[in-house]
Amino acid sequence: METIEFILYVADQARSAEFYEGLLKTSPSLNVPGMTEFNLSETVKLGVMPESGISNILGPAMPHPKTANGIPRCELYLKVSNPSDFIERAIQLGGKKISELQARNWGDTVGYIADLDGHVIAFATKK
């Protein structure tokens with residue numbers, strides 16, 4: 001694989017792009033109607049795509065993504081050196097705290113938030 005990209009379906013692309021720009025403290029590498037992308041590393045990207053755009057691609061084969069807002073289906077697990085800073089920033093930007101930053105039994109210290117569309121994001125560091 002040359003590049004890995006995780007794409008989140010969002011209700012409002014501009015609002016989510018602003019949230020992730022503030023959260024990640026980086027400008028989008030791509031910001032066009034229908035897709036905003038952020039480089040998380042040299043080979044990993046995070047994209048936000050409007051629900052309406054992906055629903056046109058998915059068609060009637062799958063439910064409209066807006067019907068799943070707030071239903072946890074997966075999480076982004078991001079290892080960072082300062083998870084508390086990310087969690088605090090996420091909350092200031094309108095995210096919701098799900099679980100306090102704490103040592104977990106798998107060896108990481110992790111806290112969980114939900115973004116503006118209910119996507120679960122874990123910010124972790126090694127204990």
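I take helices (H or I, at least four residues) and strands (E, at least two) as DSSP runs, numbered from the N terminus. I worked on a predicted model, where local features need pLDDT of at least 70, side-chain atom pairs count only at pLDDT 80 or more, and totals for chains, interfaces and linings use all residues. Residues are numbered from 1 along each chain as its sequence is written, and side-chain values use heavy atoms, with hydrogens and water left out.

**Entry 1: Pro83**

I began with Pro83, which lies in helix H3. Pro83 is buried, at a relative accessible area of 6%. For burial I use these limits: buried is under 20% relative accessible area, exposed is over 50%, and partly exposed is in between (1.4 Å probe, protein chains only). Next I listed contacts (heavy atoms within 4.5 Å). Neighbours within four places in sequence aside, Pro83 touches Leu101, Phe123, Ala124 and Thr125. I also checked Pro83 against Pro60: they are 23 residues apart in sequence, and their C-alpha atoms are 39 Å apart in space.

**Entry 2: aromatic pairs**

I then looked at rings. A pair of aromatic rings is described by the distance of the centres and the angle of the planes. My rule takes rings of Phe, Tyr and Trp (its six-membered ring) with centres within 6.5 Å; planes under 30 degrees apart are stacked, over 60 edge-to-face, and the rest tilted. I count two aromatic pairs by this rule. Phe19 and Tyr20 have ring centres 5.0 Å apart and planes at 85 degrees, so I log this pair as edge-to-face. Phe19 is buried, with a relative accessible area of 3%. Tyr20 is buried too, at 2%.

The other entry is Phe86 with Phe123, a stacked pair with 5.1 Å centre to centre and 20 degrees between the planes. This pair links distant parts of the chain. Phe86 is in helix H3 (residues 83–92), Phe123 is in strand E8 (residues 120–126), and they are 37 residues apart. I find Phe86 buried, at a relative accessible area of 12%. For Phe123, also buried, the value is 0%.

What sits over the ring of Phe86? I find the charged end of Arg89 there, 4.7 Å from the ring centre. The test wants NZ of Lys or CZ of Arg within 6 Å of the ring centre and within 35 degrees of the ring normal.

**Entry 3: H1 against H3**

I fitted axes to C-alpha atoms, for helices over the stretch in contact, with angles from 0 to 180 degrees between N-to-C directions. The axes of H1 (residues 13–24) and H3 come within 9 Å and cross at roughly 150 degrees. That makes H1 roughly antiparallel to H3 (under 35 degrees is roughly parallel, over 145 roughly antiparallel, 65 to 115 roughly perpendicular, the rest oblique). Phe19, Gly22, Leu23 and Leu24 of H1 make the contact with Phe86, Arg89 and Ala90 of H3.

**Entry 4: two loops**

I found Lys25 in the loop between H1 and strand E2 (30–32). Its phi is near 55 degrees, a positive value in a residue other than glycine. Lys25 is exposed, with a relative accessible area of 65%.

Gly34 lies in the loop between E2 and strand E3 (35–39). I have Gly34 as partly exposed, at 30%. Beyond neighbours within four places in sequence, Gly34 contacts Gln13, Val48, Met49 and Pro50. Gly22 is twelve residues from Gly34 along the chain, and their C-alpha atoms are separated by 20 Å.
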